[in-house]
Amino acid sequence: PGVVSARLNVASRRLSVAWRPEVTGPEKIAARLAALGYRAHPFDLHRLEAEDVAQTKWLIRCLAVASFSMMNVMLLSVSVWSGAVTDITPETRDFFHWLSALLVMPAAAYAGQPFFRSALAGLRARKLNMDVPISLGVCLAIGMSFYETLHSAEHAYFDSAIMLLVFLLLGRTLDQMMRVKMRAAAANIAALKGDFANRIEPSGDVRIVPVMALA
């Protein structure tokens, strides 16, 4: 109630809202957005740029951790696969499975945070976003692999779980980079537009001045 219009740019994640002050206010609008699972704050270009840089660096770190774990686990998995048709012993296979668990579980716990946090925020708001099934798939694959390893089973799927995270993080990182570039391009276009105002001087004359020159 009280909201006159709302326009959302999904790509830039920017929401423009007009409201009637006698009915509602920004604190109520922000509270409603928080109830829907979104954090809202007044638009600040410098803060937005800083958040973009921090988010990109964080995603790259997660991708690096997942990729390092995947490369090492694949070496162990190839050994298990080739040994399955030759003369690998159950003890050696279990040892490789435990090494895989040691490499994957902490790496997945750190590298999967972009998906886990998003899924948790969606569940708190009673919404199912696409990160919920991703988180479930990764956790179930790792959990089942740990159970199989604990019971000396022949198969474990640590390599599949961490590989899924690597490909998903690669897509998420590229998406973030494209958002930053697109936002920078939009800012450059907006900078080409000069906003001017008609200022009435004390003498009564009207003078055209940049908006930034107004006090």
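Helices and strands here are DSSP runs, with at least four residues (H or I) for a helix and at least two (E) for a strand, numbered from the N terminus. Keep in mind that this is a predicted model.

**Exercise 1. Describe the largest pocket and its lining.**

Solution. 
- Step 1: Start with the space itself. The volume of the largest pocket is about 2300 Å³.
- Step 2: At least two lining residues come from each of β1 (3–9), β2 (14–19), α1 (26–35), α2 (45–84), α4 (113–124) and α6 (158–192).
- Step 3: Sort the lining by class. It holds 22 nonpolar, 10 polar and 14 charged residues.

**Exercise 2. Work out how α3 and α5 are oriented to each other, and which residues meet.**

Solution. 
- Step 1: Take the geometry. Helix α3 (residues 90–111) packs against helix α5 (residues 131–150) at an angle of about 155°, and their axes are 11 Å apart.
- Step 2: Compare the angle with the cut-off. Angles over 145 degrees count as roughly antiparallel, so α3 is roughly antiparallel to α5.
- Step 3: Name the partners. From α3 come His-97, Trp-98, Val-104, Met-105 and Ala-108, and they meet Ile-142, Phe-146, Thr-149 and Leu-150 of α5.
- Step 4: Sort these residues. Seven are nonpolar, two are polar and none is charged.

**Exercise 3. Finish with the pair α3 and α4.**

Solution. 
- Step 1: These helices pack at an angle of about 55°, and their axes are 5 Å apart.
- Step 2: The angle makes α3 oblique to α4.
- Step 3: Ala-108, Ala-109, Tyr-110 and Ala-111 of α3 meet Gln-113, Pro-114 and Phe-116 of α4.
- Step 4: Sorting gives six nonpolar residues, one polar and no charged ones.

Methods
Residues numbered from 1 in each chain as written. Predicted model: local features only at pLDDT ≥ 70, side-chain atom pairs only at ≥ 80, totals over all residues. Heavy atoms only, no water. 1 Å grid on protein atoms, 1.4 Å probe; cavity = no way out; pocket = protein on both sides within 12 Å on 5 of 7 lines; lining within 4 Å. Points joined across faces, edges and corners; volume = space filled by probe spheres on them. Nonpolar A, V, L, I, M, F, W, Y, C, P; charged D, E, K, R; others polar. Axes fitted to C-alpha atoms, helices over the stretch in contact; angles between N-to-C directions. Parallel < 35°, antiparallel > 145°, perpendicular 65-115°, else oblique. Contact = heavy atoms within 4.5 Å.
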